[in-house]
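Hello,

I am handing over the structure we talked about, so that you can look at it alongside my notes. Please keep it open while you read what follows.

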Amino acid sequence: MRFRGWDLVWFLGFMLLWSSTIVVDASIHDYRNERFSRRLNSYFFHGGSEGLYASKIHPSHSNSEDKPLNGKSFIRFESITFRRTKEATEKQHEMQQKTGLIEAIIVEVKDRGRIGGTRENSDVICCNPKLAEQGSCKVGEVIIRQDPNNPDWPKRIQTSFEGQTQEASLIHTVEVNSTGMYYLYFMFCDPELKGTIINGRTVWRNPDGYLPGKMAPLMTFSGFMSLAYLVLGLVWFLRFVQYWKDIIQLHYHITAVIGLGMCEMAFWYFEYANFNSTGNRPMGITLWAVTFSAVKKTVSRLLLLVVSMGYGVVRPTLGGIATKVLLLGFMYFVATEALELVEHLGNINDFSGKAKVFLVLPVALLDACFILWIFSSLSKTLEKLQMRRSMAKLELYRKFTNALAVSVLLSVAWIGYELYFNANDPLSELWRRAWIIPAFWSLLAYVVLVVICILWAPSHNPTRYTYLEETGDDLEEEGVSLTTSGVKVAGDVAIKLERKERKVSSAADHVYGLGEEPEEDKRE
């Protein structure tokens, strides 16, 4: 039974429609039975990290949640609960008010050195009796050296267990009035609280919405790129309609890539806009954006490959190699879709480095396969055109090769910069520049597509890139395709005169006896 393409389309459509009701938390960080890890003489749990811009309105001392949110930047603790073990609970006296302290600490990354440690002892995080005698901290609390310019930061929010209660809760809102990368840690110093688990969630919001600071510029960029694809599509469509009688198969493939790019950027813009207004990422919109992105990347690479093979120029079809091309495209689509899904459907800072490497490697290897195959195919195509002396097509492909070579060099340079950027910024201190890295790849893909559109633009004379049977008329074809309309006529006349001169000279040879050599050859 043969699998039909429309069956896949209907299946994907059904899955995306079904998933549109599912919501994935994003700037809302969920904690489900999370445990604390030991570090030096403390126990801690990393609650999240995001780049936040300063509030645009003057902060108020009230923590009421009924106030308008526009213009405010904050971190809100919603229904955070800490559950300690039964053994730890039974050791406490029922009449005691505070029988265990847990602290939520919010610190800007530049102030991370103010948490724990002292000049005399840098190997402690929690205050001990000796340090307490010096008056620098309180026993059982995390050591924090306040910023003299901003005495309230790093921020400390304390929650205590009471008597023999097994749970303690935390509901609080912290307004952010300084732009920076903020980290949240839940910590305790009492060894008897070992085994405590945390549940609940925190909501992080910027002044203009819930979109994380490092992603906020991507919404504007996606809107700009969707307009850029729209302009390119309109220009291409007008050219397409103007020369519709001379359209070749390759033009339809280019049209498909332009349409996919337009849809991809539009979906990303709406996904970011919805994320910014609600704080959640509906899986339906995200799946559509991710799928369009993966399809567009795959089709773009396949377009470069078939153009490099000379499809429609030196060969009418791909023949038996078409299966290998489609197999490579399918593998690339699956690998890219998996990577994009894990990146965009997970929490903002919960994507582990090992998982990312595991998913990035297949995409990188397949990209390398595409690059090698594209340039090896270009080399063979240039050789064929040189042998056939198809100068117009040869010039076209040389320009295409140069454009691809420049794009590959830029890609290698940008990968080097990306590695340097990530190696020198492990704590995301340069978060306001992070959006440039993914934006570059989208911009580069658009520029390469524009180059292809210019080189293979529809025209009233498509012979400069269409496949022609070898009939010995290459000279006449080149005379037509290498010149403008006025010079074309002159070229035609020159060719005809040259042919007449050849006929006249041949006749003269026969008259003066110069044509007798063939007869001698025959006799031999």
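An α-helix has 3.6 residues a turn, so residues three or four places apart point the same way. Please bear in mind that the model is predicted.

How do the two helices lie against each other? The axes of α9 (residues 391-423) and α10 (residues 436-455) come within 11 Å and cross at roughly 180 degrees. Since angles over 145 degrees count as roughly antiparallel, α9 and α10 are therefore roughly antiparallel to each other.

The next element to find is helix α6, which covers residues 283-308. At 1.5 Å a residue, its 26 residues should span 38 Å, and the C-alpha atoms at its ends are 37 Å apart, which agrees. This helix is mostly covered, with 20 of its 26 residues buried, and just after α6 you will find Gly310, which takes a positive phi of about 85 degrees.

Now to the charged pairs. The structure holds 16 salt bridges, and one of them joins Glu175 to Lys72, with the closest N and O atoms 3.7 Å apart. Glu175 lies in strand β8 (residues 167-175), while Lys72 lies in the loop between β4 (42-52) and β5 (74-83), so this pair ties together parts that are 103 residues apart in sequence. Are these two residues buried or exposed? Glu175 is buried, with a relative accessible area of 14%, and Lys72 is buried as well, with a relative accessible area of 8%.

Lys110 forms a salt bridge with Glu108, where the closest N and O atoms are 4.0 Å apart, and another with Asp111, where the closest N and O atoms are 3.6 Å apart. Lys110 counts as exposed at 51% relative accessibility, whereas Glu108 counts as buried at 10% and Asp111 is buried with a relative accessible area of 9%. Through shared partners, salt bridges join Glu108, Lys110, Asp111, Arg114 and Asp147 into one network.

Best wishes

Technical notes: Residues are numbered from 1 along each chain as its sequence is written. This is a predicted model: local features need pLDDT of at least 70, side-chain atom pairs count only at pLDDT 80 or more; totals for chains, interfaces and linings use all residues. Side-chain values use heavy atoms; hydrogens and water are left out. Helices (H or I, at least four residues) and strands (E, at least two) are DSSP runs, numbered from the N terminus. The expected span of a helix is 1.5 Å times one less than its number of residues. Buried means under 20% relative accessible area, exposed over 50%, partly exposed in between (1.4 Å probe, protein chains only). A salt bridge is a side-chain nitrogen of Lys or Arg within 4 Å of a carboxyl oxygen of Asp or Glu. Axes are lines fitted to C-alpha atoms, for helices over the stretch in contact, and angles run from 0 to 180 degrees between N-to-C directions. Angles under 35 degrees count as roughly parallel, over 145 as roughly antiparallel, 65 to 115 as roughly perpendicular and the rest as oblique.
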